[in-house]
Every structure is written in structure tokens, then in C-alpha cells.
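Please keep the sequence and the structure in view while reading.

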Amino acid sequence: MTNLIDIPLATASQILPLHILLPLLLAIICFLVKSSSIVKWLSIATGILHLLFALVLVSLAVSQNGAVFTYSIGGWDAPLGISLILNAFSAIVLLMTATISLAITIYSGHYFKDVEQARRFWPLWWLLNTALCGIFLSGDLFNLYVMLELMGLSGVSLIAINKSQSAIKAAYQYLLVGLFGSLLFLFGVALIYREYGLLDLSMLAATAQGSLLTKCALGFMSLGLILKTALYPLHFWLPDAHASAPAPVSAALSALVLKGTFYILFMLWFSVLTPATTFLGASIIGAFGAIAILWGSVKAFTTDKLKLLVAYSTVAQVGYLFILFPLMYQYPTKTLGAAAYFIVAHACAKAAMFMAVGNIQRVAGHDDIKRLSGIASHMPLSIFIFAIAGVSLMGLPPSGGFIAKWIMFESALETKQWWWIIFLVVGGLLSASYLFRVLNLAFTTPTVEHQVHVSSSAEGGLLSALVLAVITIVIGLNAMWILDIIDIGLVTSTLGTDK
Amino acid sequence: MWINLMFDCLLVVLILVLATGALFSTNVFTGIVLFISLGLAVTIAWIRLNAIDVAIAEVTIGAGLTGALFLGAWKRLEIKKRLQNSINITETKND
Amino acid sequence: MQAELYSVCGVILFALGLIAFLVKSGVFHKVLALNVMGIGVFMLLLATSAFYPNAIDPLTHGMVLTGIVVAVAGSALALNLATQIDLPLQSDEMK
Amino acid sequence: MINAHDSTSLKNRYVFIIIMAISMLAGCVIYALLQTPAPQNIMYDLVQANIQQSGVTNPVTAILLNFRAYDTLLEFAVFFCVSIASLPYLDAGVSDSSDLETQDAPLFSLVKVLAPLTILLAGYMLWVGSFKPGGAFQAGALLAGCGLLLTLSNVGVTRMNGFWWRSIFSMSLIFFILVIGFSYLHSHTFLMYPTTLSGRLILFVEFAATFSIAATLYLCYLSVRGKVSQGAHRAS
């Protein structure tokens, strides 16, 4: 680690554009090359390379005491050109994205048996990765809009790759919601540009005021992004979209795409347009988050499809993310760690869970929860992954989800907003109840008619899901890893500390 | 000077009327045709705002190709509907 | 004055599109509403650069060009998916 | 939420609430807009100061393909994404839709004149983009319009799933990445063109982009319109 300190920041920043170029290049190659095995191995290799780049960036960020990397594209500095920014928070999210997308890449290599589907999947999957990395690196409002559109359109196309009627309907609805949300965001961008004549995020952070127009702009942008992140009253599109997509796509949508839009929202509120935010607004968002936890959990408990259950659990977990808003408003230094922790823990757990469920669905041929009794004896690995990921979702120790909720407890107590604690506890109990409902059934002896026949090679592709599930436990045991990076970052980063 | 402003006002009114017509017409075809005319009116507005590049793009992409896409999709759904109606005569009678 | 006029027109267009998107059902009206909302945003952006008629800000033009192209891409995909959906869903199309 | 099929009275109330809420919101935004003074105009001066080094003299082209070329790269990626998504819905060989567009002699002779003209105009648009309004998007749209005319007058189209068509769809991105790689060797900065060559490199990218955009827009039209089966005609 010592020799890393010697690398000048400018040289280290050279890696930043590669995070966008590499997936983009691979998308083109996957589109042009016919052989699916070449595409598969090339994708896995690129995924590993991508993860290495992200690791280098994070270790650089740590060794340089949380320095903020910036990179002016084309050598044109900020107001004229576009710059890429990476701080400690986005470095963690970027590392998470690289890890999970590698896991999903490996899983997809096993998942897609149909050649036609696989050929449609790979280029779109890499375009989605381009957009995700672009969002976490972007330092420009209009660039964020283009990234949002790229992410939305590639996500829609990924849902529709199996061309079934239900998938096309879900994709169509998701597309309308996505375009609508992006347009609301763009309207906010136009209002901001009307007031400040600027698009660069760090320059906006320095000049933004709490004027009425900025408040309106923030309101429209937040509305669009909340719609895309599926907070409670605007979550109606999520269960269909996430449940009717192929399993790797559901995993990516739940674990990564929602985090992309949430990241933008979080950044706008707490680092760019902070003067325009109010505690009332943050509390309202937090209240909807609390309702989302209850509503999502109840729906997850009553649904009878396994994939829908996981999708509704995402609705509930998104609620926790929004409870962070009022806490963050009052106590940013502490809550930022909780946000990073929650994002990483939920993303890993949900991706692993969707992969396990996708495997169960494919092997059993359906995902009716009632007909899955006794599945544990046939597919022990899938159920094991489901259980470990479930531990993190419930927030039981030792898991990443537990640490995240623990920090949220602390900052809720510290800022005397004890009422959020009720929702945290109740949400944990509810998620325990719907997850144990599945696990309980999985371990009971099946009746004869519901017997599932499973071949021995059914769980081959689950290694990556297992790794993700283990990660959720590991980050729970070594809580200091992520928190340290965030704390180092807070010293220099603008996020959360300015104003 | 005031004549320019008058023209702008008239143009804005025209654009708003066309937009309302396109969005709230009950007939889909009328809506699409009004939308294409809206694209053309907006092109004039872009010229008034000194945005010639955008005006060219709007007239070719915004009005022209988007309009063609809408009309193509409309035609396709029309034929599909006719096909379905003639096949499921009983169903249409029940409706 | 011109800039204010077109800004207000842009906001009204956006609001009209917003209302239509939420109120109207049916594929074509939804996509039309999205397009009108887009035009509203573009008009707001271009009106911003009209505050300085002698020193036009080319960045807004660039943004609007990008926006127009992205909008047509989105509309094309939406219409494409909509035409793949089997008919019963769109029975309210031709009222 | 989106497809509200409620009873009429409930729906009317819902519509009324939406209209009132949005009107109030719009009124608030308009009020805020009219109160806000004009923004500072820093971009104009910056663009004027740097346009010499951008390689083109049309400021909009300079913004799109040099200062903010990153946005344009991603926009090409958006187009690429749409072409991948639309390809599976395109039935190979769309030329046999004779029941829909009947061979129309006056239209056909008109198209025979119009098509070369459109192509010429597109070429002019592309070339003129570096110093006057115009550029790849406009040229690409014109070319796509030309293809559309040909389809309407029932001139056959080859299947678009082949390797060559696919390379045309990705051509804008491939050429852009080539240019990025080439200029990286030169300047060691992502997307910084060597100053002496930048005009030519921009034209190079725009040239490729024109074809990709045209092909993608044309593909969108074909897949949206679909191959209307002969059965449709017979049934009606």
C-alpha cells in the first residue's frame, strides 16, 4: 500500500474513463461477435478487469487519505466540458457495482441456455453497466440525464429479452415510467440551468442557493428520481418489472439500477443542492419510506409467487433507504456510513437472493411458494443462499444489514427522532416473517404430488451468488472496512460536510 | 419591435392550441396529425429563438420521423384490430 | 420579453403533457404526452439562451439536440413494445 | 396508478384533482421563473475563447463533438441500445408488404427523383455542420427519411440482422472509440483530439454517426410498422 501513495493523483485519475469505455467496448463486441462462448468468456474476463480497476481506485482513495479524484474529459475544464468525479462514497458504490456485475455476469453465463436470448442479453447488459458506472462517476447534471436514459432504455430492453407477453407488458410500463421520470429530472435540470447557467455539480454546490426556483427544480428532480427508485406510492411498476424479467436481469435491476437513481437523489440532496433542502421535505420522504417498509412487507407476506415476494421485499428495503433522509439531514457524518452500508448490504443480498430464486424457478419450472415445500433437500445451495441473504435483509447479526440498521438506530437516537426506530424494528420483524414463511416451507417434507425432481447439476451457476451472500456476512463481521473509507473520505470530501 | 413580439405571442398561442388539441383529442389519428403540426410550429419557434440547428433537427427528427413512427404504429394497430374483429365476431357482438 | 414569453410557454407545455400523461390512457396519448413534455423542456432551455440575443449560448442548443434524439429513441422503443402487446389491452384505443 | 379504470364519477374527481394540482405547480414554477433574473452568460464567452482549438467553427458542433463529446458518445450508445432492442421485432425481409402499400406509379416516379436529392442534401448537411448549422443528426435523419420514402414506394429492403447491418448500427460507436484511442495515443487524455487534426477527426466521427443514426431510425420505423401479414388484408 505504501507505494500507492507515490502515484500522483492525476495519473491515478486516468483509470476513471476506462470504467465507461471498457463496458461500452464490450457491448459492441458482444453485438458483433456471433459465437456465444467467446462472448461469455470475454465478458467474464472484462468483469474481472473491471473489478480490479475498481479495487485499485478504492485502495488509492484510502491510501491518499480520501482524496477526491476529478478528471476533465477532453482536457476541457468544468463549465465548458464535463468532468468525472469520484469521492469515497462513490468509490464504494463503484466497487460494489463492479463486484455484483461480475457475479451476475458469471451467473448469466450459466443461466441463458437459449442462444438467441443470450445474444440479445450480453450487449444490453454491458450497456447497462456503462450507464451505471457513468452515473456513479458523473459530475455533470445533463450527463446524468443521458446516463439515466441509457440505463432506463437498456433496462427495459433487458426485461423484454424473452419476448413473452407478460415481459413485454412489464417492460412497456417500466419504459413509460422511466421516460416520465427522466423527463421530470430533465425539467429540473432546465430550471437549474435557467437560474445558474451551470451544469457542473461541484460548481453548483458552491453557488446554489435556497431560492424558490431551486426548490422547484429540486422538487421535480426528486419526484422523477423517487418514481424511478420506486418509493411507496410510486412503486406500482416495480413488482411486475422485477418479477417478469429473467433472473440475472431482476438481480441487476433490484441491486444496481435502483441504487443508481437513489445515488443521484442522495447526492443532489446532501451535496449539490443542499441549501434548497428542508427538514420538512426530508421528513415527508422518510415518512413515505416508513410506509413503504410496512406495505412492501405485508405484500411480500401475502403474495404466493416467490419472485414477487423478493420484488416486494425490494419495495420494503427501498423504504429503509428513504428513512435515511431525515437522519442524514440532521446528522450527516454518521448517517453517511449507514447509507453506504445499507446500499452495499442490500445490493449484495438482493442480487444473491434473485439468483437463488431464479435457479429454483428454472429447476422447479414454477415459483409458486405453496408448491415448493421440501425444496431444501433438492436444492440445498439455493436455499442456503436464500437464507443467508435473508439474514442480511432482516438485519440480524452478523450481517451487513445489521450494521447498517445499527448505525441508523444510533443516529436516530442522537438526533432524537426515535419514531423511526419503531419502523426499523417492525420492518425487521415483518421481513423475518415473510422470509421464514418460505424457509419453513422449504424444509417441510413435501406431499407426493408436489415432489420436485432435480438433476444433480442444477446448482452449477450459483457459485457467484454464494460469494455475494458470503460478502454480506463478511462486511457484517468487519464493519470497519466500509466505515473507515467513509470516515477518511469525510475529511476531504464535500459530501455531507459542507454548508 | 412590437410586431416581432406580436408574432411571438401568436406563435405561442398557436403552439399551445395545437398541443392541447394533440393531447386531448379523442381520436388518435387527429392527435397524431396535430402533433406533427405542433412539431412544425415549434420549428418556427426555434428559428425565432435563433436556434437553426435545433430547427433543422426538429423538422426532420421531431416532426418528420416521430410522426412517421406514430403513423406506422397506428396503421399497424388498426390492421391488427380489424383482423381481430373479423376473427372474433362473436366477441365483438358481445361487446 | 421574448425569453420570458417562451419560458412560460415551455412550462405550460410541460404541464399540459404532465396532465395528459396522468389522465389519458392508451398507448398513443401516453407517448404523445411524453413528447409534448419534452418539447416544453426544450423550449425552456432555448428560451434561457434567448436572454442574450447577441451572444447566444450554444450549450443549450447542444443539450436540446441531444434531448430530441434521445426522445425519439425512447418513443420508438415505446411504440415498438406497444405494438407487440396483444390487442385486448388496447381496446380503449379508438374511442 | 397509470391505468386507472375506475367508475366515471370517481375518475372525474381524480382528473380534476390532477389538473388542479399540476396547474398550481405550474403557476408556482412560472412565478419563480419570472422572479429569477437572467443567468450569467459564461458559456458564450468560454466557447468563443476556445473555439479556435476545437477544429470547427460552428459552436454547436464544437459543443457536441468536442467540448461535450462525452454526452454525444453516450447518446450514440442510447441509439445503439434502441437498435439492439428493436432488431428482434423486425421480421426478416420486409419487402413483401404489398397488400399495404400498393405499387403507386406517381409516387414511385416521385421517389426516384426525391431519393437521390435527399441523399445529396444529407451529404451537404453533414459537410456543412462544421461551420454552419447542420451535422450528423440532421443528415442521419434525412437519410432515414430517404429510406422511409423507398419503403413507402415498395422498394425491397434486405434483412437487417446480418453482420453488415449490425456493423452499421454500431459504426458510430466503433469510429468514436477508434478516434478516442487514436487521440489518446497523441494527447494522453480521454477524448482530447490533437489540435491540428481535430476538424478531420470530428468529420470522421460525424460521417460514421450519420449512417448509424440513419440505419437505427429506419430500423425503428420498420420494426414499429412491422411486417403486416397478408392475412390482415384477406381478413378485412
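Two residues are in contact if their C-beta atoms, placed from the backbone, lie within 7 Å. Among contacts in chain C between residues at least 6 apart in sequence, 60% join residues at least 24 apart.

## Basis of the model

This is a predicted model, in which local features need pLDDT of at least 70, side-chain atom pairs count only at pLDDT 80 or more, and totals for chains, interfaces and linings use all residues. Residues are numbered from 1 along each chain as its sequence is written, while chains are lettered from A and ligands numbered from 1 in the order in which they are written.

## Chain C

Chain C contains three helices and zero strands, in the order α-α-α from the N terminus. Helices (H or I, at least four residues) and strands (E, at least two) are DSSP runs, numbered from the N terminus. The C-alpha trace spans about 55 × 25 × 15 Å along its principal axes. Chain C has a radius of gyration of 16 Å, whereas a compact globule of 95 residues would have one near 12 Å; this radius is taken over C-alpha atoms, and the globule rule is 2.2 Å times the number of residues to the power 0.38.

The predictor's confidence in each residue is expressed as pLDDT, from 0 to 100. Chain C has a mean pLDDT of 88, and 91% of its residues reach 70 or more. Over residues 89–95 of chain C the pLDDT is below 50, and this stretch has 12 contacts in the model beyond near neighbours in sequence.

A residue is buried if 20 or more other C-beta atoms lie within 10 Å of its own, exposed if 12 or fewer, and partly exposed in between, with C-beta atoms placed from the backbone. Of the 95 residues of chain C, 72% count as buried.

Ser49(C) lies in helix H2 (residues 27–49) of chain C. Ser49(C) counts as buried because 27 other C-beta atoms are within 10 Å. Leaving aside residues up to four places away in sequence, Ser49(C) touches Ile56(C), Asp57(C) and Thr60(C).

A nonpolar core is a set of buried Ala, Val, Leu, Ile, Met, Phe, Trp, Tyr and Cys residues joined through C-beta atoms within 7 Å. The largest such core has 358 residues, and Ala351(A) and Ala352(A) have the most contacts inside it. Helix H8 (residues 165–196) of chain A gives the most to this core, with 22 residues. Beyond residues up to four places away in sequence, the partners of Ala351(A) are Ile100(A), Ala103(A), Ile104(A), Ala251(A), Ala255(A) and Leu468(A).

Helix H5 (residues 88–111) of chain A is mostly covered, with 23 of its 24 residues buried.

## Contacts of chain D

The contact between chains A and D takes 40 residues from chain A and 40 residues from chain D. On the side of chain A that touches chain D, H7(A) gives the most, with nine residues.

Chain B also touches chain D, through 19 residues from chain B and 22 residues from chain D.

Helix H1 (residues 8–35) of chain D has 28 residues. In H1(D), Ala26(D), Val29(D), Ala32(D) and Leu33(D) are buried. The buried residues of H1(D) pack against H8 and H10 of chain A, together with helix H1 (2–23) of chain C.

Technical notes: The expected span of a helix is 1.5 Å times one less than its number of residues.
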